[in-house]
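Subject: A structure for you to look at

Hello,

Please open it first and then read on.

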Amino acid sequence: MTQTKPLSAKKQLLFIRNVIFFTFTSFGGAQAHLALLLKYFVQSTKFISEEELLELNALAQVLPGPASTQTLVGIAWKVGKLKLAILTFLIWIFPTAAIMTFAAISYAMLDQKQKFNDILEYMQPIALGIVAYGAYKLGTKVLKTQVSVFLAIGAVIATFVLKNAYVFPLAILVGGMISSAIETPNEETELRVKLFSNINPRKLIYFLGALLLFALVGAIINRTSPFSLPIRLLENFYRNGILVFGGGQVLVPLMYTEFVEMKHYLHASGFLSGFALQQALPGPTFSFTSYLGALSMKNFGYGFWGQILGGLIGVIGINLPGLILVLFIVPFWDDLKKISRIRHSLSGINAVSVGFIIAAFILLLIPMGFNWLFLLIMVVTFLLLNFSKVSPPVIVLGGILIGYLF
């Protein structure tokens with residue numbers, strides 16, 4: 001779909017409303033988010049087609065950065081171009097980033113974590129129901145061949161056997177290569193030449209040049225300068241935004257290694273407490289970096305506004321590379337996907353994504369054990385999403401209300 005006329009004011013408000021609903025109900029990580037994207041932007045409103053959503057998700061999987069954010073921004077660009085894409089990005093990242101920044105500034109807030117967990121007690125089984133729904137819906141659409149089923153099963157096994165963050169980008173790469181090799185006819189050489197001749201190399205230079213500039217300034221500036229830590233943090237987050245494939249599953253171990261073990265910006269206890277809080281919140285996992293930025297600034301003696309700056313640096317720095325990449329590629333994605341090897345790699349990438357959803361579901365299910373009440377809530381959530389028109393916001397609010405009352 002390439003929209004030729006601007007959205008009406010009513011349509012824009014409907015799209016923004018759905019972005020807000022998605023933001024506050026998106027529990028379960030990037031894979032589970034896909035089911036909600038399907039519900040809010042395809043099934044109920046038809047802003048884009050199901051095929052376009054799966055293609056954007058596949059594109060986000062092969063790009064570094066936050067997959068859910070890139071997919072959502074890609075949808076917004078196709079619907080309303082750059083202005084709507086930027087507005088959607090800000091709506092999506094702001095609520096969770098603001099909460100995580102506040103948690104870092106008011107660290108005593110975590111002393112009330114037990115009360116907080118009691119209120120959100122039923123969010124875990126609801127999130128599992130959403131993950132199960134995502135696996136089922138995407139699986140029925142994607143797993144239509146023996147190759148796709150094989151790739152999905154392989155992704156599940158690889159996740160449990162290798163237990164390494166790099167399994168995500170490697171499995172996505174292998175899945176795309178296998179489906180491309182099996183399903184691709186002769187390549188369209190002329191189309192490739194025409195496509196890549198339209199790529200502006202200066203944009204790529206700016207993209208990598210920003211990283212080099214941050215690194216250079218951070219290296220030469222005096223460590224006692226009040227500007228030293230903010231610049232070094234910006235370089236750290238921006239660099240990880242370029243290198244992280246696979247979403248939050250990869251981000252967290254990389255952040256822990258660099259911020260806790262290598263650079264000692266914060267202690268392990270503070271890192272893990274913030275991550276626990278992030279898991280209880282909807283929205284992008286990458287907003288966890290706003291907590292890391294704010295708490296790092298606090299631990300080095302920066303005041304309130306310095307910590308606010310740290311939160312902004314964290315969430316903007318980690319998201320900026322992925323945002324730039326998806327806005328750079330989506331405008332000519334319709335041409336890019338015409339190349340046979342790229343187009344046929346998408347089925348393998350989507351099949352691997354289904355495997356990751358299944359693996360995520362199992363990993364989340366194991367700690368819950370045989371809690372029959374939680375299992376019942378999970379099943380009811382799945383059934384409501386699959387067989388009724390009850391929206392995820394109603395289910396989530398119901399879970400919060402039950403936790404508050406009981």
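His-264 is exposed, because its relative accessible area is 55%; exposed means over 50% relative accessible area, buried under 20% and partly exposed in between, with a 1.4 Å probe and protein chains only. This residue sits in the loop between helix H12 (248-262) and helix H13 (268-279). The phi angle of His-264 is near 55°, which is a positive value in a residue other than glycine.

Some words on what you are looking at: this is a predicted model, in which local features need pLDDT of at least 70 and side-chain atom pairs count only at pLDDT 80 or more, while totals for chains, interfaces and linings use all residues. Residues are numbered from 1 along each chain as its sequence is written, and side-chain values use heavy atoms, with hydrogens and water left out.

**The whole chain**

The protein has 19 helices and 0 strands; both are DSSP runs numbered from the N terminus, helices being H or I with at least four residues and strands E with at least two. Of the 406 residues in the protein, 53% are buried. Taking contacts between residues at least 6 apart in sequence, 76% join residues at least 24 apart; a contact means heavy atoms within 4.5 Å.

**Two nonpolar cores**

A nonpolar core here is a set of buried Ala, Val, Leu, Ile, Met, Phe, Trp, Tyr and Cys residues joined through side-chain atoms within 4.5 Å. The largest one has 73 residues, and the members that touch the most others are Phe-15, Phe-22, Leu-37, Phe-41, Leu-53 and Ile-75. Helix H4 (residues 67-105) contributes the most to this core, with 13 residues. Another core, of 25 residues, lies apart from it and includes Tyr-265, Phe-288, Leu-292 and Tyr-302.

Leaving out residues up to four places away in sequence, Phe-15 touches Phe-41, Phe-47, Ile-75, Ala-76, Val-79, Leu-84 and Thr-88.

Ser-296 counts as buried because its relative accessibility is 0%. With residues up to four places away in sequence again not counted, Ser-296 touches Leu-229, Leu-233, Phe-259, Tyr-265 and Leu-266.

Two packed helices are described by the angle between their axes and the distance between the axes. The axes are lines fitted to C-alpha atoms, for helices over the stretch in contact, and the angles run from 0 to 180 degrees between N-to-C directions.

How do H1 and H4 cross, and at roughly what angle? The axes of helix H1 (residues 9-25) and H4 come within 10 Å and cross at roughly 40°. H1 and H4 are therefore oblique to each other; angles under 35 degrees count as roughly parallel, over 145 as roughly antiparallel, 65 to 115 as roughly perpendicular and the rest as oblique. Among the residues making the contact are Ile-16 and Val-19 of H1, and Leu-72, Ile-91 and Trp-92 of H4. By class, this contact of H1 with H4 has 15 nonpolar, 2 polar and no charged residues; Ala, Val, Leu, Ile, Met, Phe, Trp, Tyr, Cys and Pro count as nonpolar, Asp, Glu, Lys and Arg as charged, and the others, Gly among them, as polar.

H4 also meets H15, where the axes come within 10 Å and cross at roughly 155°. That angle makes H4 roughly antiparallel to H15. The contact of H4 with H15 has 16 nonpolar, 7 polar and no charged residues. H4 passes H15 in a right-handed crossing.

Val-326 is found in H15, which covers residues 304-329. Val-326 is buried, with a relative accessible area of 2%. The C-alpha atoms of Val-326 and Val-73 are 7.7 Å apart, although 253 residues separate them along the chain.

Lys-81 is also in H4, and is partly exposed at a relative accessible area of 32%. Phi of Lys-81 is near 65°, a positive value in a residue other than glycine.

Best wishes

Technical notes:
A crossing is left-handed if the near helix is turned anticlockwise from the far one by less than a right angle, and right-handed if clockwise.
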